[in-house]
Amino acid sequence: MKIVHLFADLCNLYGDYGNVCALKRALENKCEEVEVVYQTVDDTIDLSEADFVYIGSATERNQKVAMEYLLPYRDNIKAALDKGTVMLATGNSFEIFGKGVTDCDGTRHDGVDLFGYETVEGKERIVTDSLCTTNLCDGDIIGFINKASCTSGADSPMFSVKQGSGNDKDDLNEGVNYGSFYGTHLIGPLLIRNPKLCEAFADMLIKQK
């Protein structure tokens, strides 16, 4: 089983690298051999052999660096998703794969444009604990949100919000799920704090394989 961790140096706030550690351990507990490959700026982004791709949360500045670097690889990323490669993006990294991100100065940065949502950053930060549910597993999902953005047009959410913040103001939908792509603003790290969700992803990968 091959895990590709994108931009572990740029996109790694709040211990989100732990998501890869947790998933690797869950797969090994199910008798899978797991290889973790790290790809970042100045590397050729190659997802052709990946079973799972992860990218974590970043500062607003580093998010733009990662987004710009991924733009030429749009077709490669789409091809991986089309063949069923599972991808999880946490924090503001999932915003990268929408149409674009407009920063608080009004400058719009083109996204990888795989999905139809759009993000606008503001000067006010949203900092909150969140409680959500998902159809991926039973029970509540807990996480932490620290963002300065609102995402609109995300019509296929990953979570339903019971307490905390959604994608946009007064929105009870959080994150996105399009096919094998999963994105959420929840950080903390998500898969360590939610063992049932981690197990769900491990089982998903084994079934896909």
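## Helices α1 and α5

Helix α1 (residues 18-29) and helix α5 (residues 195-208) have axes that come within 9 Å and cross at roughly 60°. That makes α1 oblique to α5. Angles under 35 degrees count as roughly parallel, over 145 as roughly antiparallel, 65 to 115 as roughly perpendicular, and the rest as oblique. The crossing is right-handed.

Helices are DSSP runs (H or I, at least four residues), numbered from the N terminus. Axes are lines fitted to C-alpha atoms over the stretch in contact, with angles from 0 to 180 degrees between N-to-C directions. Right-handed means that the near helix is turned clockwise from the far one by less than a right angle.

## Basis of the model

This is a predicted model: local features need pLDDT of at least 70, side-chain atom pairs count only at pLDDT 80 or more, and totals for chains, interfaces and linings use all residues. Residues are numbered from 1 along each chain as its sequence is written, and side-chain values use heavy atoms, leaving out hydrogens and water.

## Where the helices meet

From α1, the residues A22, L23, A26 and L27 take part. They meet C198, E199, F201, A202, L205 and I206 in α5. Contact means heavy atoms within 4.5 Å.

## Cysteines

The structure holds zero disulfides (pairs of cysteine sulfur atoms within 2.5 Å). C31 is in none; its nearest cysteine sulfur belongs to C198, 16 Å away.

C132 is in no disulfide either. The nearest cysteine sulfur, that of C137, is 11 Å away. C132 is buried (under 20%), with a relative accessible area of 0%.

Methods
Helices (H or I, at least four residues) and strands (E, at least two) are DSSP runs, numbered from the N terminus. Buried means under 20% relative accessible area, exposed over 50%, partly exposed in between (1.4 Å probe, protein chains only).
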